Amino acid sequence: MAAVNHLAQLAADISSNVAVLTEYIEANKLPQPSFDADGPSHPIPDDSGDAAVARAALIEATKALHTLAVGPSETTIYFNLPELYFVGAMGTLCHYKIPQNVPLQGSISYAELASKTGFPENLLPRFVRMAAANYYFAEPQEGFVAHSAFSKPLAIDEKKQAAIWFRHTELIPTVAKLIDMVEQFPDSSEPTETAFHMAFGGTFFGHKETHIDHMIKFGYAMDTFTSGYSDSGEAIAKAFAWEDLPEGSLVLDIGGGTGHIAAAIAEAHPHLKFEVQDYEKLGEESKKLMASRGLSDRVGFRVHSFFEPEPVKGAAVYFFRNIFHDWSDLYCSKFLKHVVDAMGPDSRVVICDIVVPPVNTTSKIAASRVHALDLQMWSSFNAKERSEKDWEQLIASVDSRLTIEKVIGQPKMRRDSLTVLQLKK
Ligand SMILES: C[S@@+](CC[C@H](N)C(=O)[O-])C[C@H]1O[C@@H](n2cnc3c(N)ncnc32)[C@H](O)[C@@H]1O
């Protein structure tokens, strides 16, 4: 029997998915994906149905084909070496505001770019060429720098710059401490016993409170990350049957930050009332946000730590988005217990977080993103992304009456799921 020709199979997959995308782009008169500075920054919209599915399949197949073509030996010899220095080069270029100083059209000489930014002229080409080899910036003629479609958004979007800053400034030092953390704290639940703490001498958020520049940039990085990756407020407003809650029902957005998710749900469901609970420092921002969206009469803010007893009894929904994955089971069970003590017979807890899919059930790309997040949660907080079994164990450990009523995942949700809990009657 002839051996399976994986290369040919993958190439055929790639062709058929490219055909779907081409048809979609042409039918919708969209610009073709391109490396040029005027190329689209997100060529295939996420809500494009079959085209979005074909795009995901194309990304998976091209990665597999590339990996097979490079092969095990060369992959290991070069093991992420270019990627490592690419992250370093981009972090350094962004630190010197290179993206903002390259013109949006045309090019600039290395000499002029160096004099505008203070980047040493002798080093600048070495950093830019590392980036350009990875599609960020271009050198249309020797000695001159221009934007590509990939670098151009960084010229104007502070939040995208922060995404690169976060990888370079906080994740690289944390990743460098993984072995130390495994050796010293293999079984800890404490946010003080982490790789992040070893690298920065404080907890993930404690360090940010004393380094306000980190706090602000991390906020920006999360904004851009969650807007493109996590499920949006609009998606959450559609995925759960908020419309079935009685008129005037109260929804708490616990650890809701400024309340941007509560605001999105409130806009879609005018019969509901909301209370955002978080630290005092977010109260003013939250009030401004609600006023700007005309929601001040329906979305309030309460200064409240979820490690204190929950003051609002019998709310319709106690909602948590991206809170549990920041805490170990020890701490999650503490704040979930406070909520159980406050629940009425018809209350629900709705947890918006990842449910890690069973092994070998998703694409390698999806698995790699989830496991990167899981290790990021572990090394930053001693927390984790939870599988169905992890969620069941955590919930059962809090109160035997607490049960999972349902889990709302794909296709209504994209990355996160909504895990809905109720008290057994
Ligand atoms: C990862 S953010 C999630 C924010 C929001 N739920 C969202 O999805 O965008 C974590 C939030 O938890 C808040 N937080 C952390 N510890 C808290 C505590 N003990 N009590 C209340 N909020 C807390 C933080 O201030 C921050 O707003």
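**Strand β7 and its surroundings**

Strand β7 (residues 348-353) has five of its six residues buried, so this strand is largely enclosed by the rest of the structure. The model is predicted. In it, β7 pairs with strand β6 in the parallel sense and with strand β11 in the antiparallel sense. The notes below cover these pairings, the domain assignment, and a few backbone details elsewhere in the chain.

- Strand β6, residues 317-321, runs parallel to β7, and the two are paired over five bridges.
- Within that part of the structure, Phe319 has Val350 of β7 as its bridge partner.
- Helix α16 (residues 329-342) belongs, together with β6 and β7, to a right-handed β-α-β unit.
- Strand β11, residues 417-423, pairs with β7 over five bridges in the antiparallel sense.
- Ser417 in β11 is the bridge partner of Asp353.

**Domains and Thr226**

- The domain assignment divides the protein chain into domain 1 (6-77), domain 2 (81-156), domain 3 (158-226) and domain 4 (229-363 + 384-423).
- Taken over C-alpha atoms, the centres of domain 3 and domain 4 are 24 Å apart.
- Thr226, the residue at which the range of domain 3 ends, lies in helix α12 (residues 212-228).
- Thr226 has 18 other C-beta atoms within 10 Å and is therefore partly exposed, since a residue counts as buried at 20 or more and as exposed at 12 or fewer.
- Between the C-alpha atoms of Thr226 and Val349 the distance is 22 Å, and the two residues are 123 residues apart along the chain.

**Backbone exceptions**

- Most residues other than glycine have a negative phi, and most peptide bonds are trans.
- The peptide bond between Gln410 and Pro411 is cis, with omega about 5°.
- Pro411 sits in the loop that links β10 (402-408) to β11, and β11 is the antiparallel partner of β7.
- Tyr135 is not a glycine, yet its phi is positive, at about 80°.
- The loop between α6 (124-132) and β2 (144-146) holds Tyr135.
- Tyr135 counts as partly exposed because it has 13 C-beta neighbours inside 10 Å.
- Asn360 also is not a glycine and has a positive phi, of about 65°.
- Asn360 is placed in the loop between β8 (355-356) and α17 (364-381).
- With 7 other C-beta atoms within 10 Å, Asn360 is exposed.

How values were computed: Residues numbered from 1 in each chain as written. Predicted model: local features only at pLDDT ≥ 70, side-chain atom pairs only at ≥ 80, totals over all residues. Helix = DSSP H or I, 4+ residues; strand = E, 2+ residues; numbered from the N terminus. Pairing = 2+ DSSP bridges. Right-handed = clockwise from strand over helix to strand, strands pointing away. Domains from an automatic or database assignment.
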